[in-house]
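Subject: Structure handover

Hello,

I am passing on the structure below for you to look at. My notes on what was found in it follow.

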Amino acid sequence: MLCATAFGKYVVRKNNDATFNYLNENNDGVYLHKFNDCEIRLDTNKQEVFLKNSEGENTYSFDDIKEWSYNITYGGEISGGGLKGISENGKTLGQNIAESGLFIRVKDVRKPEWHIQFYPRNDAFNSPKGLNDLKAQLNQWMEIFDQNLNPV
């Protein structure tokens, strides 16, 4: 049981470290998010969005981006249950992570929707602090898209 707990903490730390965000800090017009095999890079100078996930990668012009939204799925864990409970919780958490993220619809008949995964930068996915960080990151990206693809 102790090994499972230690391994869980290791995985959380590994995922925290795998999350990278660069949000135009140098006023270069580039916004970037990376988590494992997912990447999104919005370049205001080139008017392009690069998208990458486990299914492929492609670059789209701002005009090719139709809509964007996000989803956060969490919960469903069981308490107790020993090692079987830990295993089931791991499956549930994996499914929650897989269903969460930024969804971008594009003008592309081969791949009309892209799913970019996110993970908290500073805590577990299923903790209140982690969920708040995840929501903050996704809201930042919603604002980035709103400001750059829907300028008023």
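Predicted model: local features only at pLDDT ≥ 70, side-chain atom pairs only at ≥ 80, totals over all residues.

Two strands count as paired if DSSP finds at least two bridges between them.

Three strands make up an open sheet, arranged in the order 6-7-8, with antiparallel pairing. The edge positions belong to strand 6 and strand 8; each has a single partner strand, so one side of each is left without a neighbour in the sheet. On average, neighbouring strands in this sheet are turned by 20° against each other, direction ignored.

Between strand 7 and strand 8 there are four bridges, in the antiparallel sense. Within this pair, Ile104 stands opposite Trp114, which lies in strand 8. Helix 3 packs on the sheet, where it touches strand 6 and strand 7. The direction of helix 3 makes about 165° with that of strand 6. Strand 7 and strand 8 also form a hairpin, and six residues lie between them.

The core

Which residues touch the most other members of the largest nonpolar core? They are Leu102, Ile104 and Phe145, in a core of 27 residues. Several elements give two or more residues to this core, among them strand 2 (30-35), strand 3 (38-43), strand 4 (48-53), strand 7 (101-106) and strand 8 (113-116). Helix 3 (128-149) is another of these elements, and its seven residues are the largest share of the core.

Thr73 sits in the loop that runs between strand 6 (65-71) and helix 2 (82-99). The side chain of Thr73 makes a polar contact of 2.9 Å with the side chain of Asn71. Beyond its neighbours within four places in sequence, Thr73 is in contact with Asn96, Glu99, Ser100 and Phe125.

Regards

Key:
Residues numbered from 1 in each chain as written. Heavy atoms only, no water. Polar contact = N/O pair within 3.5 Å; in protein donor to acceptor, adjacent residues only side chain to side chain. Contact = heavy atoms within 4.5 Å. Core = buried A, V, L, I, M, F, W, Y, C linked by side-chain atoms within 4.5 Å. Buried < 20%, exposed > 50% of the residue type's maximum accessible area, 1.4 Å probe, protein only. Axes fitted to C-alpha atoms, helices over the stretch in contact; angles between N-to-C directions.
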